[in-house]
Amino acid sequence: QGHRCASRQGPSSSGCLSPDCRSAAGAGGMNEAGSGHNDRFDFPKRYRLTKTDEYSSVFGFRRAIKSPNFLLHYRPRSGELPEADEYRPARLGVVVPKKLVKAAVRRNLIKRLAREQFRLLRPTLPSFDLVLRLAAKPGRPDRHALAAEIVELLHRLNRQKR
């Protein structure tokens, strides 16, 4: 009955590796906002395109910046307060077609890279709705090269529109 022996796993941890999160977990597992995770790495809804109409309006604006693997479609955000961009932060949508990348693991990797680079550069970006679309089948997935390409696209958008 070797297959029925007790599990060697200990009690589950909070799933966080940073020292800040461990100290929060030690103090009841909650941060200031009341959630059990570190909010510095979140990608909240206010920074995402969530509806089909939002994607359609960006594609319909017909402006894009091209790189070897990606197209960055953009559209200025309309809002009630034109002088205050912090009320209308840049938002991102990511499209990775199954036709170009068959494996879900690789599609998710590309999406994670895009969201992370956007998260890091968002404070410097103008008030735009962005859709990053994979336009060419990438060769061997080199995460550093893909991340650098995404950063370059965001910098080009910034230089072009500021």
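**A buried arginine and its surroundings**

A: Arginine 91 lies in strand β3; helices (H or I, at least four residues) and strands (E, at least two) are DSSP runs, numbered from the N terminus. The model is predicted, so local features need pLDDT of at least 70 and side-chain atom pairs count only at pLDDT 80 or more, while totals for chains, interfaces and linings use all residues. Residues are numbered from 1 along each chain as its sequence is written, and side-chain values use heavy atoms, leaving out hydrogens and water.

Arginine 91 has a relative accessible area of 13%, so it is buried (buried means under 20% relative accessible area, exposed over 50%, partly exposed in between, with a 1.4 Å probe and protein chains only). From C-alpha to C-alpha, leucine 130 is 6.0 Å from arginine 91, although 39 residues separate the two in sequence. With glutamate 54, the side chain of arginine 91 makes a polar contact, side chain to side chain, at 3.3 Å. A polar contact is a pair of N or O atoms within 3.5 Å; within protein, one must be able to donate a hydrogen and the other to accept it, and residues adjacent in sequence count only if both atoms are side-chain atoms.

Glutamate 54 belongs to helix α2 (residues 52–61), where Glu54, Tyr55 and Val58 are buried. Viewed down the axis of α2, these buried residues fall within an arc of 100°, so they line one face of the helix; the arc is that of the directions from the helix axis to the C-beta atoms. The exposed residues Thr52, Asp53 and Gly60 are on the face of α2 turned away from that buried side. The cover over the buried residues of α2 includes β2, β3 and β4. After α2 comes arginine 62, with a positive phi near 60°.

Next, the strands. Strand β3 (residues 91–95) pairs with β4 in the parallel sense over five bridges, and two strands count as paired if DSSP finds at least two bridges between them. In this pairing, valine 94 stands opposite leucine 132 of β4. Strand β4 (residues 128–134) is mostly covered, with six of its seven residues buried. β4 is also joined to strand β2 (residues 70–76), by seven bridges, and these two strands run antiparallel. Tyrosine 74 stands opposite leucine 130 in β4, and arginine 75 stands opposite aspartate 129 in β4. β2 is mostly covered as well, since five of its seven residues are buried. Strand β1 (residues 64–66) pairs with β2 in the antiparallel sense over three bridges, and the two form a hairpin with three residues between them.

Finally, the whole chain. The protein chain has four helices and four strands, in the order α-α-β-β-β-α-β-α from the N terminus. Of its 162 residues, 37% are buried. Among contacts in the chain with a separation of 6 or more, 72% join residues 24 or more positions apart.

Technical notes
Contact = heavy atoms within 4.5 Å.
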